[in-house]
Every structure is written in C-alpha cells, then in structure tokens.
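Subject: the two-chain model

Hi,

Here is the model I promised to send over. Have a look at it first, and then read on for what turned up.

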There are 2 protein chains.
Amino acid sequence: MSEGKAGGAAKRAVVLLSGGLDSATVLAIAKSRGYTSYALTVRYGQRHASEVEAARRVAKSLGVAAHRVIDLDLKGFGGSALVGDGDVPLDRSDDEIGEGGIPVTYVPARNTVFLSLALAWAEALGGADIFIGVNALDYSGYPDCRPEFIEAFRTLARLATKIGVTGEYAVDVQAPLVAMTKAEIIRTAATLGVDLGQTHSCYQPDDAGRACGRCDSCRLRKKGFADAGVPDPTTYAPGAG
Amino acid sequence: MSEGKAGGAAKRAVVLLSGGLDSATVLAIAKSRGYTSYALTVRYGQRHASEVEAARRVAKSLGVAAHRVIDLDLKGFGGSALVGDGDVPLDRSDDEIGEGGIPVTYVPARNTVFLSLALAWAEALGGADIFIGVNALDYSGYPDCRPEFIEAFRTLARLATKIGVTGEYAVDVQAPLVAMTKAEIIRTAATLGVDLGQTHSCYQPDDAGRACGRCDSCRLRKKGFADAGVPDPTTYAPGAG
C-alpha cells in the first residue's frame with residue numbers, strides 16, 4: 001500500500017513505551033519485525049514516575065530513532081487510584097486480581113488518549129504503524145485492553161488522518177501481546193534479549209523506585225516470572241511481599 | 001439508558017471549546033438542550049493563543065459547571081502550519097479555500113486527541129455526552145471533521161470505557177454543526193444569544209489579538225456573517241483584508 005510498508009528498511013513504528021515489562025517487550029518485537037521505532041512516553045500524573053525513568057533506560061538500551069516524553073495532566077479529571085484518587089489495593093490473591101471487573105487502578109480512557117497521541121506522531125512522520133502493549137488476559141480487565149477496542153481504533157485511525165484519507169498510508173495498530181499470558185510475554189522478552197531488570201511495573205514503588213511486591217501489577221509480574229521459569233531481576237523494597 | 005440521560009436536569013456534557021465561533025455555538029446548543037456543561041480547552045501549541053482567552057470569555061459568559069484548560073504539546077510532532085511548520089496561507093479566494101484537499105493548517109489527528117481527552121473527562125464524571133463543533137462543509141476538508149469520523153469515534157467511545165462496558169452510560173458524541181454552513185451556524189448563534197464578538201477564529205492574529213482578515217479562517221468567518229446577514233462583530237487589525 002505504501003512505500004514504507006513494502007520497503008522493509010523504511011518501515012516506521014510509533015511504539016507506546018510506558019517503561020513497564022509489556023511495552024519494553026513490544027519495542028523489541030517491533031525491532032525484530034524490521035521497524036525503525038519512535039518511542040512515545042506519556043507522563044500523565046501517575047503515581048509511579050519511576051516508569052518514565054525506566055522508559056528512558058529501555059529506549060536507550062533497545063535503540064530508537066527518537067524518544068519523546070509528553071506531559072499531559074490526566075490527574076485533573078480524577079477517577080483513578082493510579083493518579084491519586086483512593087488507595088492502590090495490596091496483597092490481593094490471584095483470584096481476587098482476576099475477578100471483580102474493572103479495578104480502581106484503571107485510568108479513564110487512558111489507552112484511547114495514548115493511541116491518539118501516537119496517531120498524531122504517526123501522521124506527522126508521514127506514516128507509521130502503532131505498537132501498543134495491551135494484554136487482554138493478564139491485564140485485570142481494563143476495557144481498553146481488549147481486541148475489539150484495538151480493532152475500533154484501527155478503523156478510526158484510517159478515517160481520522162490525512163494519510164488515511166488520501167490513501168498514502170493506512171496506519172495499522174499492532175498489539176502483539178493481546179492474547180499472551182504474562183509468562184509468554186516474559187519468555188518472548190527473554191528470547192529477544194530484553195533486559196527486563198530495566199523495566200518497572202509497580203503501582204506503588206518506594207522513594208528509591210523499588211517495587212512493593214504487593215500491588216496487582218507486582219503480583220502479576222512475579223507470577224509471570226515464576227510461571228515462565230525465568231529468574232526475576234526486579235529490585236524489590238525490603239520487606240516486599 | 002442511564003439516569004443522566006433520562007433525568008433531564010442531570011444531563012452532563014463535555015464540550016470541546018476552542019474559543020472559536022463554532023465551539024461557542026456548540027456550547028450554547030448543549031445548554032439549550034438541557035445539558036450541564038463541562039468545557040474543555042486544549043492549549044496545544046497553536047500559534048493563535050488568543051483562542052484560549054476567547055474560550056475563557058465564552059465559558060464565563062455562557063455558564064459552565066467547570067472549565068478546564070489542558071496543556072498538551074502537539075508542536076513536538078510537527079506537521080502543521082498551525083503549530084509553527086510553514087506559513088499560514090493568506091488571501092485565498094473562496095474557490096481556493098474550498099478546493100485542493102487538506103490544507104497545511106491541518107494539525108495531525110487533532111480532533112482524535114481532543115475527543116479522547118473529552119472521553120477521559122466524560123468517564124471520570126461517571127458519564128457525559130461529548131459535544132464537538134466539527135463542520136464538514138465549511139471546514140476546508142479536514143479528515144477529522146467528517147461524519148464518518150465522528151461515527152467511528154462514537155463506536156470507539158463505547159468500547160473504550162468502563163461505563164460503556166458495564167452499560168452504565170453509553171457516551172454519545174454530538175456534532176450538531178456537522179452539516180451546517182457557516183451562515184447557518186452564525187444564525188443559530190444569534191438565535192441562541194451567543195456574543196460572537198467574544199470568539200476568535202483567526203489563524204494569525206496580531207499582538208493585540210486582532211484578526212488578520214486574510215487567513216482561510218477569517219475569510220470563511222467574514223463570508224459567513226455576510227451570507228447570514230448578521231453584523232460582523234470581529235475586531236480586525238488595521239489594514240485587514
């Protein structure tokens with residue numbers, strides 16, 4: 001359809017890079033598929049700013065054409081424990097994490113906002129595919145991590161852009177982790193040589209940026225390493241669960 | 001479907017308010033339909049910051065439950081004359097404005113980004129409809145001003161949100177100006193008592209915030225007042241076309 005897609009070497013990807021395990025793996029996947037990557041990190045007022053530092057480490061270590069960190073205050077809208085409304089739940093069992101619908105750590109419309117920003121960059125670049133590390137299985141039931149959401153955004157991306165309307169480039173949205181378990185993601189990352197010790201997943205790290213080991217995100221991550229049979233390189237705070 | 005929609009008094013709307021003529025009219029329309037409005041203005045690095053001041057005036061004068069101005073640097077992505085890449089075209093004839101595809105003043109994926117932010121607020125409010133002043137006829141051919149784009153976003157909004165997934169509230173996206181001419185919009189505003197002198201449309205105002213009278217936006221606006229037979233309250237710079 002476009003030179004970028006046919007040409008191989010010129011393929012560009014805007015990769016949403018949070019600094020977590022999933023998005024680092026996605027960046028490595030984009031690279032393994034021959035894309036030149038443009039990493040996009042959004043600093044949206046989340047409690048765990050350590051994520052942004054992790055994103056910088058990962059971008060540098062995996063290699064990107066550019067890394068852009070955008071400030072956007074989603075805190076002002078409220079509605080999520082991740083941006084300061086209410087407490088992050090701790091010490092929930094796997095069953096508790098898996099059930100009970102949408103957790104309080106969900107940030108309203110976050111992935112829609114992130115994908116929109118990625119789309120703006122993809123279009124400004126003259127055409128790029130978008131990679132996002134959403135995951136429908138282990139992601140605690142966030143609505144904007146489901147395949148049908150990604151499909152709806154793919155449709156939107158083609159209607160919303162100049163490059164889509166002119167036929168110059170039909171932006172694809174790729175979510176390579178969508179059907180993987182956390183263990184499968186970790187094994188993929190290991191195969192691709194990603195240093196997962198550089199990534200950050202904890203919702204509530206200590207002042208030194210060390211993981212609490214107790215929030216849902218830590219527990220899913222720990223279980224993922226155990227299930228994958230891969231040593232867990234995470235630095236946990238003293239006394240972490 | 002929801003208490004908000006059935007109840008009348010409790011209907012909430014997030015209204016994208018740029019400070020231009022169109023969005024001011026949309027805010028008045030939302031009000032006339034019985035909505036309590038939450039106005040959202042995005043300061044995205046546009047050349048014409050006078051728009052933000054206009055948005056504050058309009059929000060105050062029409063009355064809103066809250067007005068939020070969000071900073072978001074779309075300039076960093078490049079790709080539009082409106083955020084500093086290249087010159088804004090001046091003195092184009094009506095035919096030139098109407099033809100020739102997508103103009104250089106198009107900002108990549110702007111309305112997708114704006115609608116996503118509105119969606120985040122709508123969800124954090126526990127449910128609200130979204131109003132946007134896009135216009136397919138007089139809007140110089142921007143892809144993200146077409147009805148099919150709005151329809152795709154409506155679909156996305158229902159899949160992307162917790163309130164959509166739980167059935168608590170199906171966010172509607174209303175674009176009441178989409179099929180109106182500029183003259184019809186101006187007549188609607190006049191009927192609803194909107195003070196259009198408070199609004200700002202110019203892409204390239206002078207330091208005092210006065211309109212140039214020569215950019216596409218000024219020319220469409222002037223022609224709209226003329227066609228509507230409504231006196232033009234715009235303050236033009238000395239020597240404006």
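Predicted model: local features only at pLDDT ≥ 70, side-chain atom pairs only at ≥ 80, totals over all residues.

First, a term you'll need: I call a residue buried if 20 or more other C-beta atoms lie within 10 Å of its own, exposed if 12 or fewer, and partly exposed in between, with C-beta atoms placed from the backbone. Helices (H or I, at least four residues) and strands (E, at least two) are DSSP runs, numbered from the N terminus.

Residues are numbered from 1 along each chain as its sequence is written, and chains are lettered from A and ligands numbered from 1 in the order in which they are written.

Let's start inside chain B. Strand β1 (residues 12-16) of chain B is largely enclosed by the rest of the structure, because 5 of its 5 residues are buried. In a regular strand, side chains alternate between the two faces of the sheet. Here both faces are covered: B:R12, B:V14 and B:L16 are buried on one side, and B:A13 and B:V15 on the other.

What does β1(B) pair with over 5 bridges? That is strand β2 (residues 36-43) of chain B, in the parallel sense; strands count as paired if DSSP finds at least two bridges between them. Within that pairing, B:A13 sits opposite B:S37. To get from β1(B) to β2(B), the chain passes through helix α2 (residues 21-32) of chain B, and this β-α-β crossover is right-handed (with the strands pointing away from the viewer, the path from the first strand over the helix to the second runs clockwise). β1(B) also pairs in the parallel sense with strand β4 (residues 129-131) of chain B, over 3 bridges. There the bridge partner of B:A13 is B:D129.

Now chain A, which has 9 helices and 5 strands. Of its 241 residues, 54% are buried. Contacts (C-beta atoms, placed from the backbone, within 7 Å) also reach along the sequence: among those between residues at least 6 apart, 72% join residues at least 24 apart.

A:A109 has a positive phi of about 60° although it is not a glycine, and it lies in the loop between α4 (94-98) and α5 of chain A. A:A109 is buried, with 31 other C-beta atoms within 10 Å. In chain B, phi of B:A109 is near 55°.

On to the interface. 36 residues of chain A are in contact with 36 residues of chain B. On the chain A side, the largest share, 9 residues, comes from α5(A). By class, that side has 22 nonpolar, 8 polar and 6 charged residues (Ala, Val, Leu, Ile, Met, Phe, Trp, Tyr, Cys and Pro count as nonpolar, Asp, Glu, Lys and Arg as charged, and the others, Gly among them, as polar).

How do the α5 helices of the two chains pack? α5(A) and α5(B) meet at an angle of about 170°, with their axes 9 Å apart; axes are lines fitted to C-alpha atoms, for helices over the stretch in contact, and angles run from 0 to 180 degrees between N-to-C directions. The two helices are therefore roughly antiparallel to each other (angles under 35 degrees count as roughly parallel, over 145 as roughly antiparallel, 65 to 115 as roughly perpendicular and the rest as oblique). Residues in this contact include A:T112 and A:V113 in α5(A) and B:T112 and B:V113 in α5(B). The helix contact has 8 nonpolar, 4 polar and no charged residues.

Cheers

Methods. Contact = placed C-beta atoms within 7 Å.
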